[in-house]
Amino acid sequence: MIKIIIFDLGGVLLDIDLNYCLQQMLALGIDFNAFEKKGMQTPTGTKAAVLGEGIVANGAMHLYQTGDITTEDFLEGVRRHCKEGTTREQVLEAWNSCCIAIPPYRLDKLKKLKQRGYTICMLSNTNEAHWLKIMKNCFGGQKVVDELFDHTFLSQEMHMAKPNDDIYLKVLEDISAQAEECLFIDDSTPNVEAARDLGFHTLHAETSKTENGIVVAPPSTDWTTTIDNLLH
C-alpha cells in the first residue's frame with residue numbers, strides 16, 4: 001500500500017527548459033570540454049547526475065549538483081571558460097535560465113494529496129543557485145516549501161545524486177520507510193528505472209513542451225491526472 005509520494009522537482013513540479021539554458025551558456029562562449037577537464041571529473045563508480053531526459057551533468061556540473069564545490073567556485077569555473085569580459089552575474093543568469101515556473105494546479109494537487117493523508121516528499125537533483133531561485137520565485141519561500149513537503153531531499157545537501165542507488169536508500173532510511181510503501185515520480189527514464197529496481201512504485205512523468213525558456217504546451221498527460229489511478 002502506497003503511503004508516501006516522492007516527487008522530482010524539475011520536469012515534474014517545475015517546468016524547465018534545459019536546452020534554453022545550454023543555449024544561454026554557449027552564447028557566453030563556454031567551452032564545456034575544457035571546463036570538464038579541469039580536474040573536476042565525476043567520481044569513479046558514480047553515475048553522473050541526471051538533469052533531465054537524456055541530459056546528464058558531467059564534470060564540474062555533477063560536482064555542483066552534489067554540493068562538492070561551492071556556487072562561487074562553480075560560477076568562476078564557468079566564467080573562466082567563457083569569452084573575455086563575461087561576468088559572474090551573466091553566468092548566474094544563464095545557468096538559472098532553465099527554471100521557468102511551477103503551475104499552481106500542481107501545487108494544488110500536492111495539497112490535496114497531503115490532505116488525503118499521504119506523506120509528501122521531494123527528491124531533486126539540484127544545486128544551490130537553482131534552488132535559491134526556485135524556492136523564492138516559484139514556491140514563494142522556505143515556509144511554503146515546509147508546508148507542502150514533509151521531507152525535502154536535495155542532491156547538493158546529500159552529496160549524492162539520482163540515479164545512484166545510495167540516494168534512494170538514504171531517503172528510505174531517513175523517512176523510516178520500505179520502498180514498496182513509496183510512489184516515486186520523475187521525468188527521467190534512468191531515475192525511474194533505478195527506483196523501480198529498488199522496489200519503488202514509479203510514475204514516469206511527461207514534461208511540458210518548452211521553447212526559448214517558455215512553456216508552449218502542457219503535457220498531453222499530466223501526472224496530476226494519472227496519479228490517482230496508482231493510489232488506493
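1. Basis. This is a predicted model, in which local features need pLDDT of at least 70, side-chain atom pairs count only at pLDDT 80 or more, and totals for chains, interfaces and linings use all residues. Residues are numbered from 1 along each chain as its sequence is written, and side-chain values use heavy atoms, with hydrogens and water left out.

2. Salt bridge count. The count comes to twelve salt bridges. The term means a side-chain nitrogen of Lys or Arg within 4 Å of a carboxyl oxygen of Asp or Glu.

3. Lysine 162 and aspartate 8. Their side chains meet in a salt bridge, 2.9 Å from N to O. The pair links distant parts of the chain, 154 residues apart. Lysine 162 is in the loop between helix H9 (155-158) and helix H10 (165-175). Aspartate 8 is in the loop between strand S1 (4-7) and strand S2 (15-16). Helices (H or I, at least four residues) and strands (E, at least two) are DSSP runs, numbered from the N terminus.

4. Burial of that pair. Lysine 162 counts as buried because its relative accessibility is 0%. Aspartate 8 is buried too, with a relative accessible area of 5%. Buried means under 20% relative accessible area, exposed over 50%, and partly exposed in between (1.4 Å probe, protein chains only).

5. Lysine 162 and aspartate 186. Lysine 162 also forms a salt bridge with aspartate 186, with the closest N and O atoms 2.8 Å apart. Aspartate 186 is in strand S8 (residues 182-186), 24 residues from lysine 162. Both residues are buried.

6. A pair within helix H10. Lysine 170 and aspartate 174 both lie in this helix, four residues apart, about one turn. Their side chains meet in a salt bridge at 3.3 Å, N to O. Lysine 170 is partly exposed at 29% relative accessibility. Aspartate 174 is partly exposed at 38%.

7. Threonine 86. This residue sits in the loop between helix H4 (71-79) and helix H5 (88-96). Threonine 86 counts as buried because its relative accessibility is 6%. Leaving out residues up to four places away in sequence, threonine 86 touches Leu28, Arg79 and Val91; contact means heavy atoms within 4.5 Å. A polar atom of the threonine 86 side chain lies 2.8 Å from the backbone oxygen of lysine 83. Leucine 113 is 27 residues away along the chain, and the two C-alpha atoms are separated by 45 Å.

Notes: A polar contact is a pair of N or O atoms within 3.5 Å; within protein, one must be able to donate a hydrogen and the other to accept it, and residues adjacent in sequence count only if both atoms are side-chain atoms.
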